[in-house]
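Reader: I have just opened my first protein model and would like to learn how to read it. Could you take me through it feature by feature?

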Amino acid sequence: MSVLPDRPSDGHPGPGSPTLELRGVNKSFGAVQVLHDVHLTVYPGQVTALVGDNGAGKSTLIKAIAGIHPVDSGEVVFEGRRVHLHGPRDAARLGIEVVYQDLALADNLDVVQNMFLGRERKRGVVLDEASMEQAARDTLTKLSVRTLKSVRQLVSSLSGGQRQTVAIAKAVLWESKLVILDEPTAALGVAQTRQVLDLVRRLADTGHAVIFISHNMVDVFEVADRVAALYLGRIAADVPVDQVDRAQVVELITAGRSGDLGIEPTVAEAGV
Amino acid sequence: MSGNTIQTPTSAQEPGGASSGFEGDRAADSVGAIVRGYVDKVRGGDLGALPAVLGIVVLGILFTVLRPDTFLTPLNLTNLLVQAVPITLLAMGLVFVLLLGEIDLSAGVVSGVCAAVLAQLLAESGSPWWVAVLAAVATGMLIGVFTGSLVGIVGIPSFVVTLALFLGWQGVTLRLIGQGGTVPVRDPVINGISNDTLPVWLGWLLAVLLVLLYAGLQLARWRSQRARKLASEPLVIVVARIVLIAAVVLGVTAVLSVDRALSAAVELAGIPYAVPLVLVLLLALTFLLGRTGYGRHVYAVGGNAEAARRAGIDVTRIRVSVFVIAGTMAAISGIAAASRLGSVTPGSGAGNTLLYAVGAAVIGGTSLFGGRGRVRDAVLGGLVIAIIANGLGLLGVQAYLNFIITGGVLLLAASVDALARRRATTARR
């Protein structure tokens with residue numbers, strides 16, 4: 001990974017300057033171009049909802065940010081510096097953590113063990129259980145997670161919402177700056193969705209930049225500060241959530257355009 | 001007992017208060033809550049050592065009733081323990097393989113190959129015992145690397161790889177020993193593993209030290225957990241476990257320290273060397289599995305290989321390594337078996353050896369589906385298997401019945417495992 005100094009795009013860096021900026025990012029798999037000239041800005045302390053229909057390129061976009069699929073062209077700017085992500089470890093080193101939809105928790109391990117999986121703290125060769133348990137508990141407390149009975153509970157005994165909570169807390173444990181949540185409320189009940197949305201909000205309130213992928217407009221409008229809509233691999237809009245309503249976002253997702261917002265019709269058709 | 005507030009897991013949370021939750025971590029100290037917690041655990045499919053302990057007790061009572069004059073004598077109990085040693089050692093290695101949800105059907109015959117290497121080096125080239133032991137163990141490790149590479153790197157299902165090797169290694173043993181041949185093992189050190197005993201005073205000294213060490217470590221851990229407000233078990237449980245371990249260790253030492261010689265002219269008493277050998281390996285492997293990063297990663301790969309991979313764990317390396325451990329333990333098991341029988345034949349490690357070892361691990365509580373199991377399972381299950389073999393031997397049942405009963409016991413253990421797993425899956429949410 002190389003880090004090059006970058007000319008600030010809009011004035012001075014400081015509080016309020018974006019955590020992550022994508023500028024003209026393109027990505028193809030063979031002959032299929034999945035991402036076209038994608039511009040996206042993600043701010044600290046804000047939840048940016050990333051919406052789009054199936055196949056719009058959401059997964060490819062987050063995998064590009066996570067370093068799993070390096071971009072073909074365009075710039076990725078992290079905290080004001082241009083970065084090249086060649087693998088998940090590059091992204092993790094910068095403080096980018098992804099919580100995947102299928103969670104990646106080991107059922108047979110407890111909450112602490114899962115949160116530290118692959119990055120265990122040791123004293124010599126011996127695992128430092130006390131320090132890991134303390135840190136896990138501190139993180140969960142900081143996120144005001146009150147639904148867990150014990151941090152030494154096996155993950156297999158947790159409910160869907162609790163599992164999601166653990167997965168998110170795991171991402172936060174690593175001084176992460178940008179947390180990407182891939183459909184965290186899919187397949188959750190009403191009460192559990194509530195818990196997870198509260199947690200997403202607190203994640204932003206504790207200063208993290210959050211990308212929140214969801215198909216559920218209710219959740220998006222409940223928790224997001226900004227909405228970025230992907231349509232056929234292009235960003236149709238990247239706007240504060242109070243400047244759009246639910247119908248407009250649905251239109252952006254399905255047609256790529258809504259009123260003055262969205263992709264120019266000619267471009268949109270060319271993309272089909 | 002402790003100054004902590006007593007909170008039961010069912011006690012209400014302060015709604016929206018400053019409590020950070022986790023009230024289950026400061027576990028209930030009342031006996032009722034402990035019993036309830038244990039019943040919940042068992043109902044949730046986590047049977048722990050329950051089936052093996054039940055098996056030992058029930059079978060022990062059964063054979064005592066059927067053969068009151070012979071089963072419960074110090075001589076027979078010593079025989080039983082020494083009988084259990086090769087099965088247990090083999091099962092200890094298999095626990096690592098089973099933890100990944102893999103199987104090693106060749107572990108038994110690998111122990112045969114390693115024993116053949118040992119015997120040939122001792123008999124043919126007159127090597128000192130330690131050279132032969134090192135060669136046998138190295139053979140086991142290399143075989144493990146080979147098996148593990150085929151499974152982990154080439155990607156052939158372990159069932160197929162080890163089924164093929166099950167046949168293949170028997171051929172190698174046959175070649176090393178010779179058709180119909182028997183290579184005697186007469187080295188005093190090797191034979192001594194199963195047939196010589198520690199001096200009685202040393203046995204007692206080690207037993208007492210072991211108990212004190214265990215009690216000290218357990219209490220120190222409990223105190224530091226309480227002091228740092230970490231999750232900890234109730235003190236009653238910790239003390240009960242120490243008392244139980246002390247009773248077992250001292251009880252076994254007492255039985256083994258009785259003069260068990262059949263004639264009054266000689267004295268035969270003390271712990272056979274094979275018992276501390278099992279104990280040392282049990283402690284070492286338990287430490288590896290429970291206290292090191294490697295062990296944690298073995299469980300993680302067994303529980304969710306994809307999650308482990310995403311967490312940056314080298315899944316292939318872990319997969320190869322468990323077969324190396326199984327191969328190494330097979331070699332040690334082969335040495336122990338050769339020591340007990342005083343010879344190695346082409347049939348060493350074949351037949352029902354592997355079935356016994358897998359049965360031991362599963363009866364002890366290791367899951368065939370991966371992710372759940374401990375090294376001590378091999379010891380508890382190994383005892384159950386040895387009691388069955390020993391008791392049926394005392395009853396003089398016919399060979400056909402022996403096969404049927406042992407196969408039935410393995411099936412029973414596997415059924416318990418499968419049902420417990422189903423219970424655990426449906427108990428969620």
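Author: Chain A holds an open sheet of six strands with mixed pairing, in the order β7-β10-β11-β4-β12-β13. This is a predicted model, in which local features need pLDDT of at least 70, side-chain atom pairs count only at pLDDT 80 or more, and totals for chains, interfaces and linings use all residues; side-chain values use heavy atoms, leaving out hydrogens and water. Residues are numbered from 1 along each chain as its sequence is written, while chains are lettered from A and ligands numbered from 1 in the order in which they are written.

Reader: What counts as a strand, and when do two of them pair?

Author: Strands (E, at least two residues) and helices (H or I, at least four) are DSSP runs, numbered from the N terminus. Two strands pair if DSSP finds at least two bridges between them. Strands of a sheet pair through backbone hydrogen bonds, either parallel or antiparallel. Here, β7(A) and β10(A), residues 178–182, pair in the parallel sense over four bridges. In β10(A), A:Ile180 is the bridge partner of A:Val98.

Reader: Which helices lie across β7 and β10 of chain A?

Author: Helix α1 (residues 58–65) of chain A lies across β4, β7, β10, β11 and β12 of chain A, at about 140° to β4(A). Helix α5 (residues 160–172) of chain A lies across β7 and β10, at about 170° to β7(A). Contact means heavy atoms within 4.5 Å. Axes are lines fitted to C-alpha atoms, for helices over the stretch in contact, and angles run from 0 to 180 degrees between N-to-C directions.

Reader: How should I read phi?

Author: Most residues other than glycine have a negative phi, and most peptide bonds are trans. A:Glu79, in the loop between β5 and β6 of chain A, has a positive phi near 50°. A:Glu183 has a positive phi of about 45° and is found in the loop between β10 and α6 of chain A.

Reader: Is A:Glu183 buried or exposed?

Author: A:Glu183 counts as buried, at 16% relative accessibility, whereas A:Glu79 is partly exposed at 43%. Buried means under 20% relative accessible area, exposed over 50%, and partly exposed in between (1.4 Å probe, protein chains only).

Reader: And how is empty space found?

Author: Rolling a probe the size of a water molecule over the atoms shows where empty space is left. On a 1 Å grid over the protein atoms alone, a cavity is a set of points where a 1.4 Å probe fits but cannot get out; a pocket is an open set with protein on both sides within 12 Å along at least five of seven lines, and lining residues have an atom within 4 Å of a point. Grid points are joined across faces, edges and corners, and a volume is the space filled by probe spheres set on the points. The largest cavity has a volume of about 30 Å³. Its lining includes B:Asp104, B:Phe323 and B:Ala330, and α13(B) gives the most, with four residues.

Reader: What is the volume of the second largest pocket?

Author: About 780 Å³. Of the 29 residues that line this pocket, the closest to its centre are A:Pro88, A:Glu97, A:Arg119, B:Arg310 and B:Ala311. Helix α2(A) gives the most to the pocket lining, with five residues.
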